Amino acid sequence: MTWIGLGASGADSAHVTLAVIGGIEIMGLTIDKVSVMLATAFVSIGLLISIYSVGYLNEGNREHPDKPRRRFYAFFTVFIGAMAGLVFSSTLIGQLMFFEITGACSWALIGYYDTPTARKSAMKALILTHIGSLGLYVATGALFLQTGSFSVVDIAQLGEGWKTFILLGVIFAAWAKSAQLPFYMWLPSAMEAPTPVSAYLHGASMVKVGVAVLARELMSAGAIPEAVGWVIVIGAIITCIFSFIMYLPQTDMKRLLAFSTISQLSYIFLAFGFYAFGSGIALEGGIAHIFNHAFAKTLFFLTAGAFSYTLGTRMLPQLRGVLKKQPLLGVAFAFAALAIAGVPPMNGFFSKTLIFAGGFITAANSGHPALMVIVVIALLETVGCFAWFLKWIGSVLFGEPSETVAAAQPVPRAMVVAFVVLLVMTVCSSFIAAAWLG
């Protein structure tokens with residue numbers, strides 16, 4: 001009802017207060033184009049993955065024979081709700097609460113198979129992301145001490161010193177949750193989770209927590225100190241280079257995609273860094289890339305899960321001729337790879353174009369030659385990403401089916417439903433984002 005009223009009034013955003021203690025707002029909602037778009041994506045992807053998991057979590061799975069368990073769906077549902085709550089939160093303390101809930105859910109779901117390796121990976125994710133949350137705790141406390149408020153919009157009232165301090169705390173938390181250096185280690189290890197969990201972790205939750213929180217804080221902060229912009233872009237380009245080098249030797253499809261996710265998130269951080277230098281175009285590109293990457297990477301991970309289910313492996317060197325034996329999986333692999341690489345008309349092309357356009361404009365107008373170097377390096381990385389995924393498309397999809405692929409079993413109908421929707425969205429999501437954001 002609030003959103004209907006907002007549209008009727010012609011306003012850009014609406015605010016709903018949920019909890020007040022001693023005259024101080026503790027919990028509230030910010031309803032605007034960004035929060036509605038991201039929440040819709042995160043919840044709808046969660047629904048698709050839930051449908052997919054009905055086909056995946058059963059005894060017919062050739063890699064991980066299993067059965068549906070209420071524990072999985074309970075934690076997964078809370079996970080989805082926490083992501084929606086986070087993007088709507090109007091206070092730092094509300095963001096912090098949902099930040100921690102997503103961490104607890106990820107711990108339970110990464111350790112779902114309850115093997116020693118899974119338990120270790122789950123604990124690693126919980127500890128590293130919780131260390132990062134200390135930055136958000138510090139930022140929350142500092143904002144309250146300086147303004148007597150937890151509202152994100154009150155960051156704009158602060159002087160440059162305190163604003164820098166609080167935003168750096170948020171960046172620290174965002175780096176941990178979005179698996180940027182030096183906190184990246186938990187994300188490749190999280191591949192011990194069932195593939196539906198991996199898909200949600202990479203596509204629509206957990207790693208998107210950091211960039212979603214940082215986007216909200218930057219949009220609410222008013223004039224952003226230049227030091228904040230430098231911290232963001234330098235951290236992003238270092239992570240981008242590192243993750244590209246790390247995913248080159250990977251042959252396990254899920255680990256390859258894990259490092260690819262780290263790389264794609266660094267583009268979003270770059271966009272936010274360019275926004276700190278004054279580029280509104282880059283901000284729009286970064287937010288659109290959160291949206292677009294969610295669908296593309298979810299499709300890619302669900303394809304990896306389908307390989308595991310039907311073939312018994314996701315090791316890329318063992319896969320050949322997939323397009324001939326399993327055309328749906330072959331098309332899904334190609335669409336997802338091209339979308340991640342930023343090839344038109346896939347969705348990743350359009351959001352990356354906005355990010356790079358904003359970066360070049362910022363570099364040209366800022367008087368900082370180093371920014372131009374950073375933009376060029378990022379552009380070279382995306383070309384390398386395209387070349388590497390093109391190699392795997394040629395290797396995995398074409399030719400006569402390998403022995404492993406020839407022995408494939410049918411893809412369950414529940415998985416097919418998720419694939420069809422995500423295939424459409426890898427082409428259409430950028431147009432939806434453009435129309436929605438204006």
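Axes are lines fitted to C-alpha atoms, for helices over the stretch in contact, and angles run from 0 to 180 degrees between N-to-C directions. Helices (H or I, at least four residues) and strands (E, at least two) are DSSP runs, numbered from the N terminus.

The model you are looking at is predicted: local features need pLDDT of at least 70, side-chain atom pairs count only at pLDDT 80 or more, and totals for chains, interfaces and linings use all residues. Residues are numbered from 1 along each chain as its sequence is written, and side-chain values use heavy atoms, with hydrogens and water left out.

**Exercise 1. Describe how helix H2 packs with helix H18.**

Step 1. Find H2 at residues 33–56 and H18 at residues 413–437. Their axes come within 10 Å and cross at roughly 170°.

Step 2. Name the arrangement. Angles under 35 degrees count as roughly parallel, over 145 as roughly antiparallel, 65 to 115 as roughly perpendicular and the rest as oblique. H2 and H18 are therefore roughly antiparallel to each other.

Step 3. Look at the contact (heavy atoms within 4.5 Å). Among the residues making it are Met37, Leu48 and Tyr52 of H2, and Phe419, Leu422 and Trp436 of H18.

Step 4. Sort the residues by class. Ala, Val, Leu, Ile, Met, Phe, Trp, Tyr, Cys and Pro count as nonpolar, Asp, Glu, Lys and Arg as charged, and the others, Gly among them, as polar. The contact has 18 nonpolar, one polar and one charged residues.

**Exercise 2. Work out how Phe72 and Phe76 are placed.**

Step 1. Recall the rule: rings of Phe, Tyr and Trp (its six-membered ring) pair if their centres lie within 6.5 Å; planes under 30 degrees apart count as stacked, over 60 as edge-to-face and the rest as tilted. By this rule there are 24 aromatic pairs.

Step 2. Apply the rule. The ring centres of Phe72 and Phe76 are 5.5 Å apart and the planes lie at 10°, so this pair is stacked.

Step 3. Now find both residues in helix H3 (residues 70–88). Because Phe72 and Phe76 are four residues apart there, about one helical turn separates them.
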